[in-house]
Amino acid sequence: MRKITILILLFTAYSEAFSQEIIPISKADLENKLIDNNLQVKMVKKEAELAKAELLATRAMYLPNVNASYTFSNTNNPLYAFGSKLNQERITMMDFNPDHLNNPKSISNFATKIEVQQPIINMDAVYQKKAGQVKADVLNIKTERTKEYVQFELKKSYMMLQLAYKMLETLENAKQTTLANKKVIDNYYKNGMIQKSEVLYMDVRISEIESQIQTAKSNIRNASDYVYFLLDENSENKILKPTESLEYTEGISNSETRLNQNRKDLQAYYKSLEAYDWLIKSSKAKFLPKLNAFGSFEMYDHKVAQFNANGYLAGIQLSWNVFDGLKSKSEQEKYKAERSKAQTEIEQYSKQSQLELNKASRQIEDAISKVNFTKQAWEQSKEAYRIRKNRYDQGLEKSADLLSAETLMSQKELEYQQAVFEYNVAWEYQQFLEK
């Protein structure tokens, strides 16, 4: 029964291991995929949508404000009682009797009122709207720059996937080479030509490679999951496999690269200054005359749902804010200080961006040197292994020396693949910084 249980568990584990779907994908396919579903892109889009929603509030500068109300009141206040009856158009000569005026009976009043306020000229609101429009434009530019960054991250994640598969391939080849050598060593041991310790050294090396292979497989899964994360897609039981292998293709690098002032993030920074300019103008415009129209239509009766008396009121108001306790002046100074701070931040960001670009150029040069160095070291280690293998076959070398040469050859190949990856990432990062 125990054996059956173990077999079932092994079969289940085997099924789960091979139930994952391998999906081939090319770099072009990945670049053509829509990144609108990326969570980072979604967040900046929501910020832009929020700015547009806030901009809708500025429609109040030209749209009317309409209020409607239906009010019931009961009073015996002499003034209110006479006025309510007058609004109801029920005044008679008896109502002018001093006794009735001074001591009126309580009176009920049902008032229906519709009020309209129509802005005509409010320059502070006009400038406020322009500032809001600039803010929305800035966030749209920020969205485009975020998309460019996510595209760079996708390229980088694809290269991580390439590296993970290349590492696995290298380790699998190393394992096959070690297993082939192990067969020879096992035969030598059976014939009493070598000691048991040399066989054990080979077994340790195989275990070490198998551990590295397991790590490489985990790295493949991690890199695949990250690509799915960037695309905001479900990665369950799916593993991506690149159709192109990791390769080194040296591009033309310019060490004197200058920062592109039309880069979208810089555009957003510079455009944000316009918003402060409009806000400053809006604060100043609060002292300009404002022209607004107003009107109301009213219906009164002493009975509910009756509208026997009505009247209207209409007019135009020209007003000035002569003095507001220096509130608007303080607001101007605040916006001027914030604009000055933003200007300094732009200068700092531009210099940091130039430094980053210079650093990226030097990283490319360093990566090229590292690729050439590791490639040479790999070629030399392969030749050293070939020589030791021939000498070992002739009985002139120990198995420990052969194992050391094979380990060094595998290590140098892995270092070369890592150097190629670092160069490709550095190159793509520089292209992103130069956009």
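**Before you start.** This is a predicted model, in which local features need pLDDT of at least 70 and side-chain atom pairs count only at pLDDT 80 or more, while totals for chains, interfaces and linings use all residues. Residues are numbered from 1 along each chain as its sequence is written, and side-chain values use heavy atoms, leaving out hydrogens and water.

**Stop 1: the whole chain.** Show everything as a cartoon. You are looking at 10 helices and 6 strands; these are DSSP runs numbered from the N terminus, with helices being H or I of at least four residues and strands E of at least two. The C-alpha trace spans about 140 × 70 × 35 Å along its principal axes.

**Stop 2: α6 and α7.** Select residues 123-190 for α6 and residues 196-231 for α7. Their axes lie 8 Å apart, at an angle of about 165°. Axes are lines fitted to C-alpha atoms, for helices over the stretch in contact, and angles run from 0 to 180 degrees between N-to-C directions. The pair is therefore roughly antiparallel, a term for angles over 145 degrees. In their contact are 23 nonpolar, 6 polar and 11 charged residues. Here Ala, Val, Leu, Ile, Met, Phe, Trp, Tyr, Cys and Pro count as nonpolar, Asp, Glu, Lys and Arg as charged, and the others, Gly among them, as polar.

**Stop 3: α9 and α10.** Now select residues 327-393 (α9) and 399-434 (α10). At what angle do α9 and α10 pack? It is about 160°, with the axes 7 Å apart, so α9 and α10 are also roughly antiparallel to each other. Their contact has 22 nonpolar, 6 polar and 13 charged residues.

**Stop 4: the largest pocket.** On a 1 Å grid over the protein atoms alone, a pocket is an open set of points with protein on both sides within 12 Å along at least five of seven lines; a cavity is a set where a 1.4 Å probe fits but cannot get out; lining residues have an atom within 4 Å of a point. The lining includes at least two residues each from α3, α6, α8 and α9.

**Stop 5: the largest cavity.** Finish by selecting Glu148, Gln151, Phe152, Lys155, Glu428, Gln431, Phe432 and Lys435, which line the largest cavity. Both α6 and α10 give two or more residues to this lining.

Terms used
Parallel < 35°, antiparallel > 145°, perpendicular 65-115°, else oblique.
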